[in-house]
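Welcome, and please open your viewer.

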Amino acid sequence: MHSKKSILSIFMAMALMFLAACGGGNNASTGTESKTNTEEETKEAGVVNLYTSRHYETDDALFAKFTEETGIEVNVVKGEEDELMERLTREGEATEADLFYTADAGRLHWAKEKQLLQSVESETLSKNIPENYRDVDNEWFGITKRARVIVYAKDRVKPEDLSTYEALTEPQWKDKVLIRSSDNIYNQSLLASFISLHGEDEAKNWAQGIVNNMARDPEGGDRDQAKAVVAGEGDVAVMNTYYYGQLLNSEDPEEVKVAEQLGVFFPNQETDGTHVNVSGVGVTKHAKNKENAIKFIEFLSSEEAQGEFSEANYEFPVNPAVEPSELLASWGEFKAQDINMSELGKYNADALKMMNEVGWK
Ligand SMILES: [Fe+2]
């Protein structure tokens, strides 16, 4: 049985080679031959291997579109960001990964520090991605922006009651604030941004103040904080904008109801701006398919892909030529923190230490 199978596959391989040879001199005169040519093209276009910690359906659809347009096949390995970075370190030169894609600028900065990435020259990327959303040495590129906002129970809180992240530490919000745990990278980066902007003392006071005002011990993800506000456990929650979009457009009517009872507030508009983070991607240091990897990043920064991120995953485009989707635009323009994204990585360890010290679970 086994040997019959291998004889058969040798025969089939020979037949394919014969067909391909014929196809070369006689372009696409029949359906079969044109199919063979397309397969040949795909083979020539090659592959690109991606390690990603992003977990959104829109990404899979976009990868398929990239393959359709370029013939380059995308092989995806999904995992937790730290796990993937450890894997890249462990694999060293032998790694198959050409790209590392993750949802936090802090982690991208770490990947650079750990020398897991390499610098890339691309006019397209320099044009499509503003300077403050990419690494100074072009070792990683921001692809989408997400704002970490305050959502509030519309029946209990007026937008006039809200102003800044700092104001959430005031006595008025005692036992009213919902926010997820300190092992979450989004909160670590939020606190890192405060260390960068205001120094350690002020940042630590803020973290302490938030712990004092928490409605409960942190549990669940961003969407769970929103649900807890609607359930009356607290009045306000800190969450990323795209999670609100996901709730509002959910197939689960209960989730839609949750979103409808919440308002979205962009804090710190009169001061230093709302905290913004990026999802981004870099070419790995030992990429075997560097050209394809660059083409892949260029595709993600294109108007086509940027529009998709905004429409289907409720993320803000980094490409200034692309307008945010209707939902995102309906929240109005907002001022974002003016800090280089690398700062989030630089102060990550300090932020985490601080959170432990103030008892942020
Ligand atoms: Fe997320």
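How do α4 and α5 run relative to each other, roughly parallel or roughly antiparallel? Before you look, two notes on the model. It is a predicted one, in which local features need pLDDT of at least 70, side-chain atom pairs count only at pLDDT 80 or more, and totals for chains, interfaces and linings use all residues. Residues are numbered from 1 along each chain as its sequence is written, and side-chain values use heavy atoms, with hydrogens and water left out.

**Stop 1: two helices**

Select residues 81-91, helix α4, and residues 105-113, helix α5. Helices here are DSSP runs (H or I, at least four residues) and strands likewise (E, at least two), numbered from the N terminus. The two axes come within 11 Å and cross at roughly 10°; they are lines fitted to C-alpha atoms over the stretch in contact, with angles from 0 to 180 degrees between N-to-C directions. The helices are therefore roughly parallel to each other (angles under 35 degrees; over 145 is roughly antiparallel, 65 to 115 roughly perpendicular and the rest oblique).

Now show side chains: E81, D82 and M85 of α4 meet R107, W110 and A111 of α5 (contact means heavy atoms within 4.5 Å).

**Stop 2: T164**

Next, select T164, in the loop between β4 (141-153) and β5 (177-178). Is T164 buried or exposed? T164 is buried, with a relative accessible area of 15% (buried is under 20%, exposed over 50%, partly exposed in between, with a 1.4 Å probe and protein chains only).

Leaving aside neighbours within four places in sequence, T164 touches I150, P267, N268 and T271. The C-alpha atoms of T164 and T271 are 8.1 Å apart, though 107 residues separate them along the chain. A polar atom of the T164 side chain also lies 2.9 Å from the backbone nitrogen of A167 and 3.4 Å from that of E166.

**Stop 3: aromatic rings**

Finally, colour the aromatics: the structure holds twelve aromatic pairs (Phe, Tyr and Trp rings, the six-membered one for Trp, with centres within 6.5 Å; planes under 30 degrees apart are stacked, over 60 edge-to-face, the rest tilted). Y56 and Y242 form an edge-to-face pair, 5.6 Å centre to centre with 75° between the planes. Y56 lies in the loop between β1 (47-52) and α3 (57-70) and Y242 in helix α10 (residues 241-248), so this pair ties together parts 186 residues apart in sequence. Both Y56 and Y242 are buried.

Terms used
Polar contact = N/O pair within 3.5 Å; in protein donor to acceptor, adjacent residues only side chain to side chain.
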